[in-house]
Amino acid sequence: MPKSALSFVCQNCGAAYNRWQGKCDACGEWNTLAEEDVSGATTMPVSIRSKRKGRLFTLETLTGKTQDAPRLSSGMTELDRVTGGGFVRGSVLLVGGDPGIGKSTLLTQATSLLARAGHRAVYISGEEAVAQVRLRAERLGLADAPVQLAAETSVEDIVATLSEGSVPRLVVIDSIQTMWTDTVESAPGTVTQVRASAQALIRFAKKSGAALILVGHVTKDGQIAGPRVVEHMVDAVLSFEGEGSQQFRILRAVKNRFGPTDEIGVFEMTGLGLREVSNPSELFLSERDLGSPGTAVFAGIEGTRPVLVELQALVAPTSLGTPRRAVVGWDSSRLSMVLAVLEAHCGVKLSGHDVYFNVAGGLRINEPAADLAAAAALVSSLTNAQLPTDAVYFGEISLSGAVRPVAQTSARLKEAAKLGFGRAVLPESARGDVGGDAGLSLNTVAGLTTLVADIAARGQSRSSKATEPEKNATPARFRRQDG
């Protein structure tokens, strides 16, 4: 028998070491090395492996007929949008998210809809008992769906069971960290077991043509736990995001071999499960505070879908030597750049103020088109000027203070007009991209200085009309206006 080879493997990145050490040199994490047997049960002497000759295979050319991959609709429009139109036969998807965010609820609904449509759908739970999954299905009103359910963690037993009878169209493994295989001797959840179990399940999906969904745990920093090689092995990596205090959830594609990676699916968590949100703009603007300084509506694009969201800024004098910069939902480096441009080219002194910036509703914005809306909200909060409640903002700010055009201008304006907005502040060079049916009053700006001057004038006109409040008196915005 071959001698067992013990190694210390990092449970965060999969790096292996000959001896234990406190810190992993590959990923920089502390106390993540665990002792594992990496020899495996299939180890054979090098002399035997070297005698094996390779087989010949056919080389193809780039020219030839190509067919679109057949897809299976899940019955959920938002899920199909993220996957690129449905599940591809033989594809493997990895779904990650924080504990309790709703991953099991989403997959229970997807398998139930497929089973009701007449397809064989199998749900394998490694964390919950069959009775617990049934209770969730009863709460969601899906107990009558003919989903095949089991609580099992042995990969060999799962593959043998799924190979019997007709090929399942969809298989859900919840979760991959609980699976184990006989080919390795490590404990379930270790890097070696996760890698070997995922490889065996992926091999079954590719040979049988069944669509496979693997649920992955998430570490404290938001990354999917286990070796990163698992993310390379699968065809798509989906991230289920959301705040525990918010009702909506966002399904985002991080990697997708069969579809786009910039689409998002929006769901709302209710007592009866996840409800699809066809118009996310209405959800993000449903509790908008009209007439409050420091708020601006940004017309953004998520994939092919225009989304309107409110940006909130609070600028307050600081008593600290170094002002605070707190950002939620946007890139902190992008905010620092906008603040530098405002102070260098527009004369807006923000070095003595704390800046708090938030994207309402918990949505995270990645595109630079939000620069103009962010600058408008910041100047509005600093000057206590109320922005027009029927205006949307979008445009990229360069380091010289110029406002650059962004893509899909017409789609942004059509979405704003559909939701009842009457005007739009956009780059001057984007006027040619606007269609004739926009239906909005367009206010184009070539540089950031023009926008800052207009907002500052609004603040000065309001402050000149307002009287000086007494000490400890009721703020003016809460007092009843005469006339």
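How many residues does α3 have, and how far does α3 reach from its first C-alpha to its last? I get 14 residues and 20 Å, close to the 20 Å expected at 1.5 Å a residue; the expected span is 1.5 Å times one less than the number of residues.

Ground rules before I go on. This is a predicted model, where local features need pLDDT of at least 70, side-chain atom pairs count only at pLDDT 80 or more, and totals for chains, interfaces and linings use all residues. Numbering starts from 1 along each chain as its sequence is written, and side-chain values use heavy atoms, with hydrogens and water left out.

**Entry: helix α3.** Helices (H or I, at least four residues) and strands (E, at least two) are DSSP runs numbered from the N terminus. I checked burial for α3 and found twelve of its 14 residues buried, where buried means under 20% relative accessible area, exposed over 50% and partly exposed in between (1.4 Å probe, protein chains only). Just after α3, glycine 118 has a positive phi of about 100 degrees.

**Entry: the nine-stranded sheet.** I traced an open, mixed sheet in the order β8-β7-β9-β10-β6-β11-β12-β13-β14; two strands pair if DSSP finds at least two bridges between them. β8 (148-151) and β14 (273-276) sit at the edges with a single partner strand each, so one side of each has no neighbour in the sheet. Neighbouring strands are turned by 25 degrees against each other on average, direction ignored. Axes here are lines fitted to C-alpha atoms (for helices, over the stretch in contact), and angles run from 0 to 180 degrees between N-to-C directions.

At the β14 end, β13 (264-270) runs antiparallel to β14 over four bridges, and phenylalanine 267 has glutamate 276 as its bridge partner.

What lies across the sheet? Helix α4 (130-139) lies across β7 and β8, at about 140 degrees to β8.

**Entry: around β22.** I found four of the five residues in β22 (423-427) buried. β22 pairs in the parallel sense with β19 (391-393) over three bridges, with valine 392 opposite alanine 424. β22 also runs parallel to β23 (441-445), over five bridges, and there leucine 426 stands opposite threonine 444.

**Entry: cores.** A nonpolar core is a set of buried Ala, Val, Leu, Ile, Met, Phe, Trp, Tyr and Cys residues joined through side-chain atoms within 4.5 Å. The largest has 64 residues, and Trp330, Tyr393 and Leu448 are among those that touch the most other members. Helix α10 (371-383) gives the most to this core, eight residues. At least three residues come from each of domain 2 (77-278) and domain 3 (283-464), with bounds from an automatic or database domain assignment.

I looked up leucine 448: its contacts (heavy atoms within 4.5 Å) include Val341, Leu342, Ile397 and Val403, not counting residues up to four places away in sequence. Apart from this core lies another, of 26 residues, including Leu72, Val95 and Phe240.

**Entry: glutamate 415.** Buried or exposed? Glutamate 415 is buried, at 6% relative accessible area. This residue is in helix α11 (409-418) and touches Asn279, Ser281, Pro306 and Leu308, leaving out residues up to four places away in sequence.
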